[in-house]
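Here is a short tour of one chain. Look at the sequence and the fold before reading on.

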Amino acid sequence: MMRKRLSILLISIGIGLFGIWYIHENLKEINKQLEVSKNMLIRYVDEAEKIEGQPIISRSSITYPKVKQEYAYMQSEEGSVQEKIYFGDSEDILDIGVGQYIGSGIFGEGKPILLAGHNGTNFKGLQYVKDQEKIYITTDYGNFVYRVYQTEIMKATDFKAEVLQQDKEILIMYTCYPFTAITTDYRYFVYAEKVEGVSIEEDVT
């Protein structure tokens, strides 16, 4: 009788230990699933915030600017630059405002944007734009904010067109240097990265 009770007790203990082990293993699996779910939620929130901060619009919803068309307005945070932006950078355009090289992307397109202006008029104030200063751009399809991160002086011939092939939206502004010069081989460049604004994407067909 005693042996029978002992056997039953051992069996009960064995079943109990197996149950504890089984629960422990399942808890580990549950924790793994919870961790995966948490990471998915974090990514979802990050993407949601990205979309909210950088709203997406389709290319068909905007009208691409034509050459000599005024299509944007720019203002630096401290106010030293406040100018209309025209599409194209011919001399007649630069006589009335800031011109955009037509081989560069438009605002929101995700490509480098190249702007030019005369050092004695439209881009005279570029010399006062500081590092980390914000540049505000207004268009009829959205508003944008760029933050200055670099300035550079170089010969006009040293500027590499490959810069415009980057898969990143940066605002590049330049003018003749020094700012008192009428004729010069040097250019003053200001680079700013996009921090706010819509993103233009191709239509899904």
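What follows covers the nonpolar cores, the aromatic rings and the salt bridges of this predicted model.

**Cores**

The largest nonpolar core has 30 residues. Within this core, M74, F107, L115 and Y141 touch the most other members. Elements that give two or more residues to this core include β2 (70–76), β7 (142–155) and β9 (186–196). Another core lies apart from it and has 11 residues, among them L114, M154, F159 and Y174. Leaving out residues up to four places away in sequence, Y141 touches I57, I62, Y71, I106, F107, V198 and I200.

**Aromatic rings**

The aromatic pairs number 14. One of them is F144 with Y146, a stacked pair at 6.5 Å centre to centre and 25° between the planes. Both F144 and Y146 are buried. One aromatic cluster is formed by Y64, Y71, F87, F107, Y141, F144 and Y146.

**Salt bridges**

The whole structure holds four salt bridges. Three of them are listed here.

| Pair | Closest N and O atoms |
|---|---|
| E202 and R59 | 3.0 Å |
| K68 and D92 | 2.9 Å |
| K194 and E169 | 3.9 Å |

E202 forms a salt bridge with R59. This pair links distant parts of the chain, 143 residues apart. E202 is exposed at 56% relative accessibility, whereas R59 is partly exposed at 22%.

K194 forms a salt bridge with E169. K194 lies in strand β9 and E169 in the loop between β7 and β8, so the pair ties together parts 25 residues apart in sequence. K194 is buried at 19% relative accessible area, and E169 is buried at 8%. Salt bridges with shared partners join R59, E109 and E202 into one network.

Terms used:
Residues are numbered from 1 along each chain as its sequence is written. This is a predicted model: local features need pLDDT of at least 70, side-chain atom pairs count only at pLDDT 80 or more; totals for chains, interfaces and linings use all residues. Side-chain values use heavy atoms; hydrogens and water are left out. Rings of Phe, Tyr and Trp (its six-membered ring) pair if their centres lie within 6.5 Å; planes under 30 degrees apart count as stacked, over 60 as edge-to-face and the rest as tilted. Buried means under 20% relative accessible area, exposed over 50%, partly exposed in between (1.4 Å probe, protein chains only). A nonpolar core is a set of buried Ala, Val, Leu, Ile, Met, Phe, Trp, Tyr and Cys residues joined through side-chain atoms within 4.5 Å. Helices (H or I, at least four residues) and strands (E, at least two) are DSSP runs, numbered from the N terminus. Contact means heavy atoms within 4.5 Å. A salt bridge is a side-chain nitrogen of Lys or Arg within 4 Å of a carboxyl oxygen of Asp or Glu.
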